[in-house]
Amino acid sequence: MSNLIKNITEFALYLVQGYVSEGDVVVDATCGNGYDTLRLAQLSPAKLYAFDIQQEAVDATRKRLREAGFAEKLKDGAIEVICDSHEHLTDHVKTFIQAAVFNLGYLPGGDHNVFTTPATSIPAIEQGLRLLKPNGLMSLCVYYGGDSGFEEKDALMEYFRTIDSKQYTVLITEFANRPNNPPIPVFILKRI
Ligand code: SAM
């Protein structure tokens, strides 16, 4: 519990795990080094899709999963790690989903010139929201400042406020007293 607020992705996953049961379908829209994907895999979903546009990230995620004992699930397709932009989510995901995780920004330890942008992340979020089951959860960590700038954060904050309130509850949270552009955790719940 003690690490939850220090590490925002831990906090997000802590909430996500409360929404996911064995047999659900879940999506990691930005798998990067595979930490979130592994945590989702450990929830025993029936199907886990993970996306990244960088082959390096896809390879790192597959390696992490294999080393953690999920080689069989990679082989039999219960876990798919897909090298494609998340804007093509519905080309790959054809069923409703219980949860989706977007950890935006650039690959830690990778090329800081490759980062998520609103031109693709907003269509991906829209597609994810359309697939989200009632009482399903989408979690997003919005990183900004530094090499990735402010464009995505500004566009997303505007977009979140336009999401249909009859269908979704959108929670934008913040670190009120943390300096240096702290990430913004956002949670979108599909209403029942
Ligand atoms: N969740 C990851 C983990 O556990 O290590 C960290 C994700 S990292 C902050 C963001 C990732 O988004 C990078 O690996 C980057 O390559 C990826 N990315 C950037 N644009 C993307 C896009 N259009 N579609 C999918 N992934 C993208």
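The lining of the second largest cavity comprises 4 nonpolar residues, 1 polar residue and 1 charged residue (nonpolar: Ala, Val, Leu, Ile, Met, Phe, Trp, Tyr, Cys and Pro; charged: Asp, Glu, Lys and Arg; polar: the others, Gly among them). The structure is a predicted model, in which local features need pLDDT of at least 70 and side-chain atom pairs count only at pLDDT 80 or more, while totals for chains, interfaces and linings use all residues. Residues are numbered from 1 along each chain as its sequence is written, and side-chain values use heavy atoms, with hydrogens and water left out.

The residues around the second largest cavity are A41, S44, P45, K73, A78 and I79, and the space within amounts to about 40 Å³. On a 1 Å grid over the protein atoms alone, a cavity is a set of points where a 1.4 Å probe fits but cannot get out, a pocket is an open set with protein on both sides within 12 Å along at least five of seven lines, and lining residues have an atom within 4 Å of a point. Grid points are joined across faces, edges and corners, and a volume is the space filled by probe spheres set on the points.

In the whole structure, 2 cavities of 30 Å³ or more are found. The largest cavity has a volume of about 50 Å³. Its lining consists of T9, A12, L13, V16, D36, V101, F102, N103, S139 and C141, of which 6 are nonpolar, 3 polar and 1 charged. At least two lining residues each come from helix 1, strand 4 (97–103) and strand 5 (132–142); helices (H or I, at least four residues) and strands (E, at least two) are DSSP runs, numbered from the N terminus. Helix 1 contributes the most, with 4 residues.

The largest pocket holds about 790 Å³ of space. It is lined by 40 residues, and N103, L104, Y106, L107 and P108 are the closest to its centre. Two or more lining residues are given by helix 1 (8–17), helix 2 (35–41) and strand 2 (47–52). By class, 16 residues of this lining are nonpolar, 18 polar and 6 charged.

In helix 6 (residues 151–160), the buried residues are E152, K153, L156, M157, Y159 and F160. They lie on the same side of helix 6, because they cover an arc of only 160 degrees around the axis, the arc being that of the directions from the helix axis to the C-beta atoms. Buried means under 20% relative accessible area, exposed over 50%, and partly exposed in between (1.4 Å probe, protein chains only). The exposed residues E151 and E158 are on the face of helix 6 turned away from its buried side. The buried residues of helix 6 pack against helix 5 (118–131), strand 5, strand 6 (168–172) and strand 7 (184–190), where contact means heavy atoms within 4.5 Å.

The search for disulfides (pairs of cysteine sulfur atoms within 2.5 Å) finds 0 in the whole structure. For C31, the nearest cysteine sulfur is that of C83, 8.5 Å away. C31 is buried, with 4% relative accessibility. C141 is also buried, at 2%, and its sulfur is 15 Å from the closest cysteine sulfur, in C31, too far for a bond.

R191 is located in the segment after strand 7 and is partly exposed, with a relative accessible area of 43%. Beyond its neighbours within four places in sequence, R191 is in contact with P134, N135, S165, K166, Q167, Y168 and T169. R191 and S165 are 26 residues apart in sequence, and their C-alpha atoms are 8.9 Å apart.
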